[in-house]
Amino acid sequence: MTPLAARLRQRIVAEGPLTVAEYMAAALTDPAAGYYATRDPIGRDGDFITAPEVSQLFGELIGLWCAAVWQTAGCPDPVLVVELGPGRGTLASDALRAIGQAAPGMMAALRLHLVEASPSLQVRQRETLGDVLPSARISWHDRFEAVPAGPMLLIANEFFDALPIRQVVRRGDGWRERRIGLSAADDDFAFVESALEARVEEAWNLAAEGEIVELCPEGEALAAAIGRRVGAQGGAALIIDYGPSRSAPGDSLQAVSRHHFANPLDRPGEVDLTHHVDFAALARSGRTAGAAVFGPLPQGLFLGRLGIEARAEALRLTAAPGDADAIPGQVRRLVHPGRMGLLFKALAVAHADLPCPPGFRPCH
Ligand code: SAH
C-alpha cells in the first residue's frame, strides 16, 4: 500500500467516502505524497509523453502563435507570457526561442510567469529555461490568481485534464454523487454512491439511468478567471488538451503508469490520474466572463493551419541525418486523426476586440 493510500484509508474511516475530486486532488497534488509533487512523470522513462516532448515544432508553433497575437494586440510592453503546468519547461523553451527569432520586440518586452504546483518540476523548469531567459525575468506561482496584472499570452497544454472532477450518476429522476469508499469484501478502495449536494445543469437530465456525468468546477472557474483577465487587461489564452468538442456523459477518469492504462483506485500518488476535458463547458465559462472564444478545434487541423508541414520540412533540411529521419513520424504523431490529431483540441480565449487568432476561424 502506498503511504498516501494508507492516509486516504484513515480519512475514509474517519470521515466517510471521498468525492472523486477529493481523491484526485490528494493523489495528484498532496504536497508530501502527491504524484506531481514526488516525481518527473514525463518522457520515455516516465509515465507519459506530451506533445512538446514529441517534437520542438509544437512549442515553436505556439510561440509563433503568441507572437502573432501580441502584434495584433498592438505590441503591449511589458507583456506577460503565462504557462499553466509547464512540466519540464520544454514547451516554454521552444516557444521562447521561436519568439526571439520572429519577434525580438516581444522577447524584450516579456516576463515569463509559470504556474506550477510541484517544487521538483519547478527545479526542472529552471534548468530547462536557464539558457533561454535570464532568471530575473521568470517567476513561479502555485495558482493562476497569483499572476500579476497586465496583458498576457497564456498557454495551457495538458493542464485542465489534471484538475479534479466530481462524478455524478443519474438515478431515477435525480442524481447521486460517485465517491470512493472501502469495499466491505476486501477493504480495498471501491466506488460507492451517496446523496448529492452540488447542482447539475438541467441539460444533463437527458442522461440515461446509471450514466455518469463529470463536473469540473475548478476547471470552469479557472476558464472564467482567464476570460475575465484577458477580457479586462488584454491578450489571449490557448488551451490544448484531450476531450470531446461537445459535452457528453461518460466515465473518463483514467490512470496511466509507464505508458499503460492502470486502475485509478490502485496506488494513489504513484500513477497519473486524468480525465477528458469538457471544452464546451470551458468555452461557456470564458464567454460568460466577457472574453471572445474560438474553437475548440482538433489539434491536427490547428497545427496544420499554423504550417507544421512546412516548418517540419525546413527543420528536416537543417537537422542531423538521424534526427531528420525521425521528424515525419513525430509530425504524424501530433496531427494524425488516429494519434493526437483528433482527440486533442485547441481552444482560444481572447480579448473581445482582438481579431480571430491564427489557426482558428471567426465563429461570431
Ligand atoms: N504542459 C506540460 C506538462 C503537462 S503535465 C507538457 O505539455 O509537457 C501537468 C503539469 O501541470 C505538471 O507540470 C504538473 O505538475 C502541473 N499541475 C498539475 N496540477 C496542478 C495544479 N493543480 N496546480 C498547478 N500545477 C499543476
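Colleague: Which residues is Gln299 in contact with, leaving aside its neighbours within four places in sequence?

Modeller: Beyond those neighbours within four places in sequence, Gln299 is in contact with Phe58, Ile240, Leu334, Met340, Gly341, Phe344 and Lys345. Contact means heavy atoms within 4.5 Å. Please note that this is a predicted model, in which local features need pLDDT of at least 70 and side-chain atom pairs count only at pLDDT 80 or more, while totals for chains, interfaces and linings use all residues. Residues are numbered from 1 along each chain as its sequence is written, and side-chain values use heavy atoms, with hydrogens and water left out.

Colleague: In which helix does Gln299 lie, and is Gln299 buried or exposed?

Modeller: Gln299 belongs to helix α11, residues 299–305. Helices (H or I, at least four residues) and strands (E, at least two) are DSSP runs, numbered from the N terminus. The relative accessible area of Gln299 is 2%, so this residue is buried. Buried means under 20% relative accessible area, exposed means over 50%, and partly exposed lies in between (1.4 Å probe, protein chains only).

Colleague: Let us step back. How many helices and strands does the protein chain have?

Modeller: The protein chain has 13 helices and 15 strands. Its radius of gyration is 21 Å, close to the 21 Å that the globule rule gives for 364 residues, so the chain is as compact as a globular protein of that length. The radius is taken over C-alpha atoms, and the globule rule is 2.2 Å times the number of residues to the power 0.38.

Colleague: What percentage of the residues of the protein chain count as buried?

Modeller: Of the 364 residues, 54% count as buried. As for contacts in the chain with a separation of 6 or more, 78% are between residues 24 or more positions apart.

Colleague: Now the helices. At what angle do the axes of α12 and α13 cross?

Modeller: The axes of α12 (residues 308–318) and α13 (residues 321–335) cross at roughly 165° and come within 9 Å. That makes α12 roughly antiparallel to α13. Axes are lines fitted to C-alpha atoms, for helices over the stretch in contact, and angles run from 0 to 180 degrees between N-to-C directions. Angles under 35 degrees count as roughly parallel, over 145 as roughly antiparallel, 65 to 115 as roughly perpendicular and the rest as oblique.

Colleague: Which residues make the contact?

Modeller: From α12 they are Ile308, Glu309, Ala312, Leu315 and Arg316, and from α13 they are Ala324, Ile327, Pro328, Val331, Leu334 and Val335. By class, nine are nonpolar, none polar and two charged. Here Ala, Val, Leu, Ile, Met, Phe, Trp, Tyr, Cys and Pro count as nonpolar, Asp, Glu, Lys and Arg as charged, and the others, Gly among them, as polar.

Colleague: What about α5 and α12: how far apart are their axes?

Modeller: Their axes are 11 Å apart, and the two helices pack at an angle of about 125°. The helices α5 and α12 are therefore oblique to each other. In this packing, Gln56, Leu57, Glu60, Leu61 and Leu64 in α5 meet Ile308, Arg311, Ala312 and Leu315 in α12.

Colleague: Which residues of α10 are buried?

Modeller: In helix α10 (residues 279–288), the buried residues are Phe279, Ala281, Leu282, Ala283, Ser285 and Gly286. They pack against α9 (217–233), β10 (235–242), β14 (292–298) and β15 (344–350). After α10 comes Gly290, with a positive phi near 105°.

Colleague: On to the backbone. Which residues does the cis peptide bond with omega of about 5° join in the case of Gly295?

Modeller: That bond joins Gly295 and Pro296, and Pro296 is in strand β14. The bond from Asp77 to Pro78 is also cis, with omega near 5°. Pro78 is in the loop between α5 (56–72) and β2 (79–84). Most residues other than glycine have a negative phi, and most peptide bonds are trans.

Colleague: What is the phi of Cys75, and where is Cys75 found?

Modeller: Cys75 has a positive phi, near 50°, although it is not glycine. Cys75 is in the loop between α5 and β2, and at 36% relative accessibility it counts as partly exposed. His259 likewise has a positive phi, near 70°, and lies in the loop between β11 (254–257) and β12 (260–262). At 38% relative accessibility, His259 is partly exposed.
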